[in-house]
Amino acid sequence: MPTERHGKVRRLLREGRAHVVRLQPFTIQLDYESTTYKQEISLGIDAGSKHIGVSATTNKKELFAAEFELRTDIVEKLSSRSELRKTRRKRKTRYRKKRFLNRRKTGIGVAPSIKNKVDGHLKVIRIVCSLLPISKTIIEVAQFDQQKIRNDKIQGVEYQQGEQMGFWNVREYVLARDGHKCQHCKGKSKDPILNVHHLESRKTGGDAPNNLITLCETCHKAYHRGEFELKVKRGASLRDAAVMNVMRWVLYEKAKEAFNNVSLTYGYITKCTRIENGIEKAHCADALCISGNAKAERKDSYFKCRFLKRHTRSLHIIRPNKCGVRRSAVASHWIGDSKLQRFDTVEWNGVNCFIFGSTNGRPVLRDINGILVTAKSSVSAKEVIYKHRNNKIIMQCVAKQPKRLV
Ligand SMILES: [Zn+2]
Ligand SMILES: [Zn+2]
């Protein structure tokens, strides 16, 4: 259980009666038998497609608050990989046996990007359970009606019809929607050939009608030559809503298997508790309400955490910039000849930051949001004080949590 008797902790460590198991949040383990008395702690998890809010509370006090940022680069990375594999198969290379049906399915099948998010949630619960004796876990999941988000007056039979009813394909629908007219020059170029252009790349943006726009071929080619910028931005993506719809049951089932005493709650209950107790809207604050102890005394700081990619499996960088010399894509974790590694927590000029990479063997320092801490792009390894190593997750204790609104 957490303590504020820092003197006692120091004494225990000095006398060798306890040892440090984690530096962030600072956690020690006693090396002698103690009483097993502990309070009931409930863990609230505000599940999300980009952020996870976490709050562990007893009915009097909040013990741990954190906000985790999940990775969002999985779709992009996997599409790049499949792109490369496709081109490789078309090139004249040595015969490779066709590969298909060679993936083993385990458990509930979900897309890799969603699997990463589900695993992220489970990892977060596991971390908190390793720090505190959690007696119950409550997860807030949300369900989204995607058709209602698009059109809030939708009713009855319209749910079966959808916006594209009566059209052969998406292209035809988009052309009809835009009135068979270039949306940039509005027909001034007199080019009869019309193209459908992806506002966000097809690779990550997909073929949804709100990502497509009609352009005449003259404008389309000019756009891709970089001659002008389009004024329209893509329509609201329902990606997060779709992810949550798929994720919620998978997450609940897996959490139930892995931890005991897991239950669900819903967004409207959280919202109601939050407003009744005059708590501001934030991931951590939501998690506090989810944990069921909204009246608990809040911590004045919280941990901001980020999931990071650890490995690159590709052997070479995709586009070599030196006349076809294929440079290795696998950068070493080590920073030059120093004892520092990528993603280490370090101190520089009294600022706590992280090593995000290296240039010419010199560490590049960034804060938790990935913003450069230094004026120059890199600093000398000698100026940097090593704190501790990180694996996949970086954590920083940040700003005071805002207090109650009323
Ligand atoms: Zn045009
Ligand atoms: Zn285009």
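Is Phe343 buried or exposed? At 7% relative accessibility, Phe343 counts as buried. Buried here means under 20% relative accessible area, exposed means over 50%, and partly exposed lies in between (1.4 Å probe, protein chains only).

The model is predicted: local features need pLDDT of at least 70, side-chain atom pairs count only at pLDDT 80 or more, and totals for chains, interfaces and linings use all residues. Residues are numbered from 1 along each chain as its sequence is written, chains are lettered from A and ligands numbered from 1 in the order in which they are written, and side-chain values use heavy atoms, with hydrogens and water left out.

The protein chain has eleven helices and 15 strands. Helices (H or I, at least four residues) and strands (E, at least two) are DSSP runs, numbered from the N terminus. The C-alpha atoms of the protein chain fill a box of roughly 85 × 60 × 45 Å along the principal axes. Of the 406 residues in the protein chain, 36% are buried. Among contacts with a separation of 6 or more, 61% join residues 24 or more positions apart. Contact means heavy atoms within 4.5 Å.

Aromatic pairs were considered next. A pair of aromatic rings is described by the distance of the centres and the angle of the planes. Rings of Phe, Tyr and Trp (its six-membered ring) pair if their centres lie within 6.5 Å; planes under 30 degrees apart count as stacked, over 60 as edge-to-face and the rest as tilted. By this rule the count comes to six aromatic pairs. In one of them, the ring centres of Phe68 and Phe307 are 6.0 Å apart and the planes stand at 45°, so the pair is tilted. Phe68 belongs to strand 5 (residues 62-69) and Phe307 to strand 10 (residues 301-307), so the pair ties together parts that are 239 residues apart in sequence. Both Phe68 and Phe307 are buried. Phe343 pairs with Phe356: the ring centres are 5.8 Å apart and the planes are at 90°, so the pair is edge-to-face. Phe343 sits in the loop between strand 10 and strand 11 (345-348), and Phe356 in strand 12 (residues 351-359). The pair links distant parts of the chain, 13 residues apart.

A charge also sits over a ring. Arg17 lies over the face of Tyr32, at 4.8 Å from the ring centre. The criterion is NZ of Lys or CZ of Arg within 6 Å of the ring centre and within 35 degrees of the ring normal.

The zinc ion (ligand 2) is coordinated by three named atoms: His197 (ND1), His220 (NE2) and His224 (NE2), at 2.0 to 2.1 Å. The donor residues follow the spacing H-x22-H-x3-H in sequence. His197 lies in strand 7 (residues 194-198) and His220 in helix 8 (residues 217-224), so the pair ties together parts that are 23 residues apart in sequence. His197 and His220 are buried. Donors are N, O and S atoms within 2.8 Å of the metal (3.2 Å for Na, K and Ca); water is not among the atoms, so sites may look incomplete.

Helix packing is illustrated by one pair. Two packed helices are described by the angle between their axes and the distance between the axes. The axes of helix 2 (residues 74-90) and helix 3 (residues 112-131) come within 8 Å and cross at roughly 145°. Axes are lines fitted to C-alpha atoms, for helices over the stretch in contact, and angles run from 0 to 180 degrees between N-to-C directions. The crossing is right-handed. A crossing is left-handed if the near helix is turned anticlockwise from the far one by less than a right angle, and right-handed if clockwise. Ile74, Val75 and Leu78 of helix 2 make the contact with Pro112, Ser113 and Asn116 of helix 3.

Several loops carry backbone features. The peptide bond from Gln24 to Pro25 is cis, with omega near -15°. Pro25 is in the loop between strand 1 (18-22) and strand 2 (27-30). His180 is not a glycine, yet has a positive phi of about 45°. His180 lies in the loop between helix 6 (170-177) and strand 7, and is exposed, with a relative accessible area of 52%. Asn261, also not a glycine, has a positive phi of about 60°. Asn261 lies in the loop between helix 9 (239-258) and strand 9 (262-266).
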